[in-house]
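Dear colleague,

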Amino acid sequence: MSCYVIDPVKLSQDLMRCASVTPLEAGTLAVLEVALVPLGFNCRRITFEGHNSPAVENMIATYGEAGPHFAFAGHVDVVPVGDAKAWTKDPFGSVIENGILYGRGASDMKTGIAAFVAAAARLLAEYKPQGRISLLITCDEEGPSVNGTAPLLELLDKEGMKFDACVVGEPCSYEKFGDMAKTGRRGSLHGYITVKGKQGHVAYPERADNPVPKLMKLLTVLDAYVIDEGMQDFQPSNLEVVTVDVGNTVMNVIPAKATAKFNVRFNALHSAESLAEKLRGVCDSAGVDYDIEFKIGAQPFLTKPGPLSASLVKAVQEVTGEIPKLSTTGGTSDARFISKYCPVVEFGVLGTTAHQVDEHIAVEQIELLTQTYHRLMHNWFGGHG
């Protein structure tokens, strides 16, 4: 057993003082190694590169050698600060004022990683679990997500490392700590439409072919299309047009082409491939010549009720008295990759200020999260001893 105690707030501050904007780890992995090695964790750094994306350094840290395997996953990379002058606190100063911790990563999600490390220290101070505990840490979640969690899991799987359960420390609490956890996520599909015309003078439309009205017709049909009515555990799929562009800077020229981009967040009634075919049919019904390309952002997934979700719900209730809503709302996360290997849920602090200027979190939430992760592991290993 270990008697090594870790303060989750101090560890959060140490991580937040590292300017680890995607894809940089900026010293965060060393901070974690200093905390984890005395606990008995074996820390291994693995770099992936290629796919027209920057190289990313990742880390797998494991305690134990055999038995049921519980993992925690998280990212130490953060989004850029934006306009630094708009911040009232140093984005990487990790200042605490009136019980509030300020800085990039306070919500999303360096405090989640610190809480898990501190929770592991508390568990190991009590007893040695009959199993293994791992941390999967990446610096690529806020970026293209191609040289991080996905290839790390693929490599570990080839090496024979299997996981029985995983918690991703994303800031999933919605209105108050403990009110929501994520047991799945919708898929994400990107669409790129091009309508070609013929450039010409606006005073002689008979000599040109304006693509803008045709694109508007296409987008009207797409916007009116009801993809589905939703399903158990998932809200209805939704399409949003995000850009329309003709590249025109003057008022007297009919453009040669018009383009648009849209995104669909879709439920498990569809795969990205089947949905793309449906949307091609919708576009065809508009009677307009067009070109369209699709890119898959993520496939939908759902973790069915089981030991992991039961252990989490029990832990949250033990610490806060709350029974968290098990939801699939929101954006994508690295849980979409982990779901291919083991049951996965997401739970963390409030996400209210994630990616915002003056990102912050109440210090109290960091302690509550640490307690919850501690009880979660205790509950889960209690059923796998």
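What follows is a description of what was found, going from the whole chain to single residues.

Please bear in mind that this is a predicted model, in which local features need pLDDT of at least 70 and side-chain atom pairs count only at pLDDT 80 or more, whereas totals for chains, interfaces and linings use all residues. Residues are numbered from 1 along each chain as its sequence is written, and side-chain values use heavy atoms, with hydrogens and water left out.

Overall picture

The protein has nine helices and 19 strands, where helices (H or I, at least four residues) and strands (E, at least two) are DSSP runs numbered from the N terminus. Its C-alpha atoms fill a box of roughly 85 × 45 × 40 Å along the principal axes. Of the 385 residues, 51% are buried, a word that stands for under 20% relative accessible area, with exposed meaning over 50% and partly exposed in between (1.4 Å probe, protein chains only). Among contacts (heavy atoms within 4.5 Å) with a separation of 6 or more, 80% are between residues 24 or more positions apart.

Nonpolar cores

In soluble globular proteins, nonpolar side chains tend to be buried together. A nonpolar core is taken here as a set of buried Ala, Val, Leu, Ile, Met, Phe, Trp, Tyr and Cys residues joined through side-chain atoms within 4.5 Å. The largest core holds 60 residues, of which Leu36, Phe41, Phe70 and Tyr373 touch the most other members. Helix 3 (residues 110-126) gives the most to this core, namely eleven residues. If neighbours within four places in sequence are left aside, the contacts of Phe70 include Phe116, Ile133, Val167, Leu308, Trp380 and Phe381. A second, separate core of 25 residues has Leu218, Leu222, Phe262 and Leu275 among its members.

Backbone features to check

Most residues other than glycine have a negative phi, and most peptide bonds are trans. Two cis bonds deserve a look in the model: one joins Thr22 and Pro23, with omega about 5°, and the other runs from Asp108 to Met109, with omega near -10°. Pro23 lies in the loop between helix 1 (8-16) and helix 2 (28-36), while Met109 is in the loop between strand 5 (100-102) and helix 3.

The loop between helix 1 and helix 2 also holds Ala26, whose phi is positive, near 50°, although Ala26 is not a glycine; this residue is partly exposed, at a relative accessible area of 37%. Asn98, in the loop between strand 4 (96-97) and strand 5, has a positive phi of about 55° and counts as exposed at 81% relative accessibility.

Cysteines

How many disulfides does a search of the whole structure find? The search finds zero, a disulfide being a pair of cysteine sulfur atoms within 2.5 Å. Cys18 is buried at 11% relative accessibility, and Cys166 is buried at 0%.

Arg336, in helix 8 (residues 335-338), is buried yet has no salt bridge, since the nearest side chain of opposite charge, Asp334, is 4.4 Å away. A salt bridge requires a side-chain nitrogen of Lys or Arg within 4 Å of a carboxyl oxygen of Asp or Glu; for charge, Lys and Arg count as positive and Asp and Glu as negative, with His and the chain ends not counted. The side chain of Arg336 does reach the backbone oxygen of Ser333, at 2.9 Å. Beyond its neighbours within four places in sequence, Arg336 is in contact with Ser145, Gly297, Ala298 and Phe301.

Ser145 is in the loop between strand 6 (132-138) and helix 4 (149-158) and is buried, at 9% relative accessibility. A polar atom of the Ser145 side chain lies 3.2 Å from the backbone oxygen of Glu141. Not counting residues up to four places away in sequence, Ser145 touches Asp140, Asp334, Arg336 and Phe337.

With best wishes

Note on methods
Polar contact = N/O pair within 3.5 Å; in protein donor to acceptor, adjacent residues only side chain to side chain.
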